[in-house]
Structures are given as structure tokens and as C-alpha cells.
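Trainee: I am new to this structure and would like a close look at a single part of it. Could you walk me through the charged pairs there and what surrounds them?

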Amino acid sequence: MMGQKIHPIGFRLGTTQSHDSIWFAQPRNYSENLKEDKIIRDCIKNYILQKTIRISFGVEGIGRIKIKKRINLIQVIIYMGLAKLLIEGKLEELQTNVKKKLNCVNRKINIAITRIPNVYEEPNIVAQFIAGQLKNRISFRKAMKKAIELAEEAGTKGVQVQIAGRIDGKEIARVERIKKGRLPLQTIRAKIDYCSYPVRTIYGVLGIKVWIFLNND
């Protein structure tokens, strides 16, 4: 039952998964670096959501944000489903905004965008799709089934979607989940991607969790 009790990505770090933040810091500076990472990610997400065109089905297109730090350089790679959404010339503005938020003078910030070839292999984008559907008052079961169909079309071997909270405005919170295909959580060599995504609806906050089984290399 080990695969059921801990974070699926943390369980596989060093085998099939790697960290989204790569840097080294002394113990006394660790919390500062961790706080920096959160500021960078929040700033980028807010900026992209404000500046880019919203897509009708609710996908903002941000898969993950990877951060690599050196002594005088912070390198940020944004993985997006639709990389062209960020209008040319705005990348410099985004870099300036992030630098102001961090208030760093001696370090250079380099931000790059990479397009994700198979968008619905990314659990974050699948969760964003479901969140967009729920905000548009689409039935939660219909949204979950459609998300699983999109993930299957992207070539995944298995997918599980879970929604928790006051679903459809019911007084008692509950958990609903749908699974399709294989999901070997107990196998470390199985590459399983995972995300937890909150969405605010008129009934309150719902929690969306997505597990995607990619391969078994």
C-alpha cells in the first residue's frame, strides 16, 4: 500500500521523476530559496492569465514551471500547451516583473517557453480543463469523462481523476473519482505524473486531483 499513502512524484524522485526546482543552498538559506520559487511561479501564472487570450474550454495552457538556480543566474522554463499565447515582446516584460517581485539586483533572470507536444499528457492541463468546465457549470461527471477521453487520445496508458468538496452544491462534501486504464502506484519504475489543483466555484472550493500513467520504462 506504499504507493497509495505518499505523493506519487516524491515516491519516484531519482528514478523516473526529477525535481521541478534544481538548486543547492545552505540549511539557513533553504527557506528563502523555497519562498523565491513560490514567488516566481505565482508571478508567472498571474501574468500569463492576465495577458494571454482565454481559451473557450478553460485551458490556460501552463503545464509546469521548472527553475534552475546558479550563483548569478536564475533560469526559468515554462512548459505550455499553447506557447504562442504569450505575445512576442511580452517575455522581457515578464522577466522585469519577476525581477521586481524578487528584488534581486546581482542576479540575472532568464525565462524561456517550451511547447508541450501532447497537451493532455500533463495532469496540470487536464485539471485546468476540468476546472474550466466546472466554472461554466458543466456536470462534474461529464467534465471528468471528457478529460479522461482527452488524456487517452494523448497516448496515456492510464488516468484517474478525483474531485472532492461540495460537488453540485450539496450540503455534505463528498469525493467522486473515475479511473480508466492501468495505474500501478506501487511500482517505482512506472512513470506516473500527478497534480492537485483547487478551483473556486459558486458553491465553494473544490479539489481536483489527476494521476496519469505515462510509461513503464
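Mentor: Let's start with Glu36, which counts as buried at 15% relative accessibility; buried means under 20% relative accessible area, exposed over 50%, and partly exposed in between, using a 1.4 Å probe and protein chains only. This is a predicted model, where local features need pLDDT of at least 70, side-chain atom pairs count only at pLDDT 80 or more, and totals for chains, interfaces and linings use all residues. Residues are numbered from 1 along each chain as its sequence is written, and side-chain values use heavy atoms, with hydrogens and water left out.

Glu36 forms a salt bridge with Lys69, with 2.9 Å between the closest N and O atoms. The term salt bridge stands for a side-chain nitrogen of Lys or Arg within 4 Å of a carboxyl oxygen of Asp or Glu. This pair links distant parts of the chain: Glu36 sits in helix α2 (residues 30-51) and Lys69 in strand β2 (residues 62-69), 33 residues apart. Helices (H or I, at least four residues) and strands (E, at least two) are DSSP runs, numbered from the N terminus.

Lys69 counts as buried too, at 11% relative accessibility. Its side chain also meets that of Asp37 in a salt bridge (3.0 Å, N to O). Here again distant parts of the chain are linked, with Lys69 in strand β2 and Asp37 in helix α2, 32 residues apart. Asp37 is buried, its relative accessible area being 3%.

Now stay with helix α2 for another pair. Lys38 and Asp42 form a salt bridge, their closest N and O atoms lying 3.2 Å apart. About one helical turn separates Lys38 and Asp42, because they are four residues apart in helix α2. Lys38 is exposed, with a relative accessible area of 53%, while Asp42 is partly exposed at 32%.

Back beside Glu36 and Lys69, have a look at Ile74. Both Glu36 and Lys69 are among the residues in contact with Ile74 when its neighbours within four places in sequence are left aside; contact means heavy atoms within 4.5 Å. That list also includes Ile40, Leu102 and Lys108. Ile74 lies in strand β3 (residues 73-80) and is buried, with a relative accessible area of 0%. The C-alpha atoms of Ile74 and Lys108 are 6.2 Å apart, although 34 residues separate them along the chain.
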